[in-house]
Amino acid sequence: MANPAAPVRLATVSGGHSDFIEGLAFSPNGRYLASVVLDGNAVLWDLGDRLHPYRIVILSTGTALNAAAFSPDGRTLAAADTRNVVTLWDVAAPAAPVRLASANAPNAGQASRVAFSRDGHTMAVTNQSSGSAIISLWSYAALNKLRADPAATACKIAGDRKSTRLNSSHITI
């Protein structure tokens, strides 16, 4: 902002949600904005041209969303929902995001905030339940390993006859 005493509105971003926006998160490079809503959708916006931002994609969870955060490298978007679940998407290719995992926070209530550590190794999730607040810390290292060698992870999962899909038991967060 050139003059903090007189901020100038650049643009209005609309057309992506049917309910109240509960959370916003900028990507680390500032090019993308994620908005999350009680309608269960996260919208990824391209702000490359600040005067003409546009919606890239709608990511649906089917459950009311409270908060969003980008990982420090900008490749992962996390969205926290009212069922106490955090959903992770690979947004390295923003027009074709890939759902990576959904993980249940360990306590009852609803996940209300999510954040990543600066080094990208830890994700924090807050839960609200019966008047108490809990912060859960999750290791993000396994997901980083998945990205480093997706073929090895796929072979490991395929060899596990008990599992037919990638889930949070395979990505220990």
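How many helices and strands are there in the protein? There are two helices and eleven strands, where helices (H or I, at least four residues) and strands (E, at least two) are DSSP runs numbered from the N terminus.

## Model and conventions

This is a predicted model, in which local features need pLDDT of at least 70 and side-chain atom pairs count only at pLDDT 80 or more, while totals for chains, interfaces and linings use all residues. Residues are numbered from 1 along each chain as its sequence is written, and side-chain values use heavy atoms, with hydrogens and water left out.

## Overall architecture

Along the sequence, the elements follow the pattern β-β-β-β-β-β-β-β-β-β-β-α-α. Of the 173 residues, 42% count as buried; buried means under 20% relative accessible area, exposed over 50%, and partly exposed in between, with a 1.4 Å probe and protein chains only.

The accessible surface of the protein comes to about 9500 Å², and 54% of that surface belongs to carbon and sulfur atoms. Accessible areas come from the Shrake-Rupley method with a 1.4 Å probe; for residues, only the protein chains shown count as cover. Among contacts (heavy atoms within 4.5 Å) with a separation of 6 or more, residues 24 or more positions apart account for 40%.

Strand β6 is mostly covered, with six of its six residues buried. Thr76, Ala78 and Ala80 lie on one side of β6, and Leu77, Ala79 and Asp81 on the other.

Strands β5 and β6 pair in the antiparallel sense over five bridges; two strands pair if DSSP finds at least two bridges between them. Phe70 stands opposite Leu77 in β6. The two strands form a hairpin with five residues between them, and Gly74 in the turn has a positive phi of about 80°.

Five bridges also join β6 to the antiparallel strand β7 (residues 85-90). Here Leu77 stands opposite Trp89 in β7.

## Ser71 in the β5-β6 loop

Ser71 is located in the loop between β5 (65-70) and β6 (76-81). Ser71 counts as buried because its relative accessibility is 1%.

The side chain of Ser71 makes a polar contact with the side chain of Asp73 at 2.6 Å. Such a contact is a pair of N or O atoms within 3.5 Å; within protein, one must be able to donate a hydrogen and the other to accept it, and residues adjacent in sequence count only if both atoms are side-chain atoms. Not counting residues up to four places away in sequence, Ser71 touches Pro28, Thr76, Phe116 and Tyr140.
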